[in-house]
Amino acid sequence: MLQKFNTIKEIDSLNRKVLELSENIAKEESRVTKIESRITQSDTQKDELLSEIKTTSAELTKAENELESFGEKLQKKESQKASLFTDEQIKAIEREVEAYKLKIEELENITFELMEKKEQLETTLSDTNSFLSGAANSLIEIRDEVKEESNKFNLEIDKLKPRIMSLTDSLPADFKYKLEITLKKDLRATIVSTITQGACNYCRASLSSNEVSEVEDKHLIKTCKACSRILIPSSCAY
Ligand SMILES: [Zn+2]
């Protein structure tokens, strides 16, 4: 009489084992997803760096050319100074020389900043490239490991499934029906509960004395109305 409740309990425990194994497989697979997403991020970063280096190089070339051209202009002005006679002419050219010198100083600062920026970008790019080549190798290793581990878990699941099926088939129709309905609810934790002091032991919802008697004395298959778990008679709770 009570054997069918024990069968339900065994199916529940085997199902939970399957669930645990499936969670282990998901955990293993997330190791691959994690490294894949870091590789994608680094690939994007690499593209951004390459484009920024290109822009910075162009800006640097422009600043260097301007610097050269202002240097030439300055030299020309300074050589003109020797052929001038009036104070006014000399003062005017000195003002121009001062303006060129200021512009050259400004361009020198810009050139220096751009060179520093380019160097930093190139260092980051080289770090990103090292990460990417290392990660490509790790990914191959991790994929192999994950495949091996997942295969082990899948083999265990494959061993448990026929046992669960044959146990389910051994149940009388009403038990089998109730079990299938309860399993479909995807309760995650155990799908069975017991009765303590007129209440479901799992969720503490009260049961009528009639419900208690149907389970404890008549050994009928009943579920808790609150948490949907199958109620197991106390006589076969352990
Ligand atoms: Zn309950």
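User: What share of the 238 residues in the chain is buried?

Analyst: Buried residues make up 11%. A residue is buried if 20 or more other C-beta atoms, placed from the backbone, lie within 10 Å of its own; with 12 or fewer it is exposed, and in between it is partly exposed. The model is predicted, so local features need pLDDT of at least 70 and side-chain atom pairs count only at pLDDT 80 or more, while totals for chains, interfaces and linings use all residues. Numbering starts from 1 along each chain as its sequence is written.

User: Why is Met-1 called exposed?

Analyst: Count its C-beta neighbours. Met-1 has 9 inside 10 Å, so Met-1 counts as exposed. Met-1 sits in the segment before helix 1 (3-81). The C-alpha atom of Met-1 is 7.5 Å from that of His-219, 218 residues apart along the chain.

User: Which domains does the assignment give?

Analyst: Domain 1 covers 20-171 and domain 2 covers 174-236. These bounds come from an automatic or database domain assignment. Over C-alpha atoms, the two centres are 61 Å apart.

User: What makes strand 2 and strand 3 edge strands?

Analyst: The open sheet has 3 strands in the order 2-1-3, with mixed pairing. Strand 2 (199-200) and strand 3 (230-232) each have a single partner strand, so one side of each lacks a neighbour in the sheet. Strands are DSSP runs (E, at least two residues), and helices are runs of H or I, at least four residues, numbered from the N terminus.

User: Why do strand 1 and strand 2 count as paired?

Analyst: Two strands pair if DSSP finds at least two bridges between them. Strand 1 (residues 192-196) and strand 2 have 2 bridges, in the antiparallel sense. Thr-196 has Ala-199 of strand 2 as its bridge partner.

User: What makes a set of residues a nonpolar core?

Analyst: Its members are buried Ala, Val, Leu, Ile, Met, Phe, Trp, Tyr and Cys residues, joined through C-beta atoms within 7 Å. The largest core has 17 residues; Ile-8 and Ile-230 are among those that touch the most other members. Helix 1, strand 1 and strand 3 each give two or more residues to this core.
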